[in-house]
Amino acid sequence: MNSKLASYIIKRLFLAVVTVWVVITVTFFVMHSVPGGPFMGEKAISEAAQKALEAKYGLDKPLFVQYTTYLKDIVTKFDFGPSLKQRGRTVAAVIGDGMKTSAKLGIIAAVIALAIGVVLGSFAALHRNSIIDRIIMVLTTAFVSMPSFIMGSFLLILFSIKLGWLPANGASRGGLILPVITLSLSPMAYITRLTRSSMLDVLGQDYIRTAKAKGVPRIRVIFGHALKNSLLPVITYFGPMLAYIVTGSLVVEQIFAVPGIGRAFVTSITGRDYPMIMGTTIILASLIVIMNLISDILYKFVDPRITLE
């Protein structure tokens with residue numbers, strides 16, 4: 001690792017820490033500014049019992065004291081605290097259990113989206129304005145435009161209810177097939193469009209025409225020059241996309257009852273589980289920041305002309 005790359009990584013890591021701190025601060029104070037509390041929805045709970053619960057979890061202290069205590073626990077012990085709704089369990093344990101499913105679901109969906117998207121985008125670019133190119137563009141436009149909850153509901157009704165081919169419950173055997181398809185369709189379509197437009201731009205460059213004029217084999221021109229240099233926008237998109245999918249799509253996990261971190265996040269919001277909201281937000285923000293850093297570093301290996309500053 002050269003000194004410039006090391007310096008760049010150190011600078012980006014510092015900015016990453018600052019970014020996560022800003023996310024923590026904004027989320028913490030906005031969350032606590034909403035009227036109500038985590039125990040107001042409890043059935044048949046007296047005011048004295050509610051105050052006792054708030055004292056137990058430190059919610060009776062001044063807001064700034066709660067904030068500094070929370071930051072100290074994260075920095076010194078990496079402790080997100082206990083869940084207020086899943087009694088007896090810590091936020092870290094709940095997130096860890098959810099990530100086992102969400103990570104598997106997200107990584108499979110992301111790999112499928114990347115592989116199919118690059119192949120379809122390259123094929124469409126190489127057969128520009130053909131019937132196949134137009135079909136691919138129409139389908140990808142539809143997949144990008146269609147919200148995940150509509151696509152998920154459609155696949156659920158078709159393959160689970162009408163045909164009965166696949167289970168509707170994401171926790172059952174084979175239950176991740178429909179969630180994977182639902183999660184991968186929109187990113188796959190977007191990657192297809194990115195690859196196509198980028199490759200069309202690269203194919204019009206002078207060095208591609210020079211390579212063709214020198215008699216370089218078509219396969220080498222496509223895979224050795226055009227495809228490699230057209231992947232930069234895909235890398236830009238893929239990093240944050242992977243972080244988002246791995247942490248679980250909130251709507252998709254709810255539709256298919258997938259026991260992942262996204263479903264836990266939705267439950268924590270409706271239940272005002274403050275530590276769970278903070279924990280999942282921090283994990284999501286950290287993954288996005290890390291994947292952005294990895295994407296920027298990969299630029300240098302894909303295109304050596306790029307300088308990291």
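Contact means that heavy atoms lie within 4.5 Å of each other. The term is used throughout this description of a predicted model, in which local features need pLDDT of at least 70, side-chain atom pairs count only at pLDDT 80 or more, and totals for chains, interfaces and linings use all residues. Residues are numbered from 1 along each chain as its sequence is written, and side-chain values use heavy atoms, with hydrogens and water left out.

The protein contains 13 helices and zero strands. Helices (H or I, at least four residues) and strands (E, at least two) are DSSP runs, numbered from the N terminus. The order of elements from the N terminus is α-α-α-α-α-α-α-α-α-α-α-α-α. Of the 309 residues in the protein, 42% are buried. Buried means under 20% relative accessible area, exposed means over 50%, and partly exposed lies in between (1.4 Å probe, protein chains only). The accessible surface of the protein is about 16800 Å². Carbon and sulfur atoms hold 68% of that surface. Accessible areas come from the Shrake-Rupley method with a 1.4 Å probe; for residues, only the protein chains shown count as cover. Among contacts with a separation of 6 or more, 75% join residues 24 or more positions apart.

Helix α1 covers residues 3–33 and has 31 residues. From its first C-alpha to its last, α1 reaches 45 Å, close to the 45 Å expected at 1.5 Å a residue. The expected span is 1.5 Å times one less than the number of residues in the helix. The buried residues of α1 include L5, Y8, I9, R12, I24 and F28. R12 has a relative accessible area of 19%, so R12 counts as buried. Leaving aside neighbours within four places in sequence, R12 is in contact with N292, L293 and D296. R12 and I290 are 278 residues apart in sequence, yet their C-alpha atoms are 9.3 Å apart in space.

The nonpolar residues form cores. A nonpolar core is a set of buried Ala, Val, Leu, Ile, Met, Phe, Trp, Tyr and Cys residues joined through side-chain atoms within 4.5 Å. The largest one has 57 residues. I24, Y70, F80, I95 and I282 have the most contacts inside it. Helix α4 supplies the largest share of this core, 11 residues. Apart from it lies another core, of five residues, among them L5, Y8, I9 and I297. In soluble globular proteins, nonpolar side chains tend to be buried together. Beyond four places in sequence, I24 touches Y70, L71, I74, M278 and I282.

S83 sits in the loop between α3 (63–77) and α4 (91–126). The relative accessible area of S83 is 1%, so S83 is buried. The side chains of S83 and D273 are joined by a polar contact of 2.6 Å. A polar contact is a pair of N or O atoms within 3.5 Å; within protein, one must be able to donate a hydrogen and the other to accept it, and residues adjacent in sequence count only if both atoms are side-chain atoms. Not counting residues up to four places away in sequence, S83 touches Y57, R89, T90, V91, D273 and M276. F78 is found in the loop between α3 and α4 as well. F78 is exposed, with a relative accessible area of 56%. F78 is not a glycine, but has a positive phi of about 50°. N129, in the loop between α4 and α5 (131–145), is not a glycine either and has a positive phi of about 65°.

L178 belongs to helix α7 (residues 177–203). L178 is buried, with a relative accessible area of 1%. With residues up to four places away left out, L178 touches L155, L156, F159, S160, L166, P167 and F256. L178 and G152 are 26 residues apart in sequence and 7.5 Å apart in space, C-alpha to C-alpha.

In helix α12 (residues 261–270), I261, G262, A264, F265 and S268 are buried. Seen down the axis of α12, these buried residues fall within an arc of 160°, so they line one face of the helix. The arc is that of the directions from the helix axis to the C-beta atoms. Just after α12, R272 takes a positive phi of about 55°.
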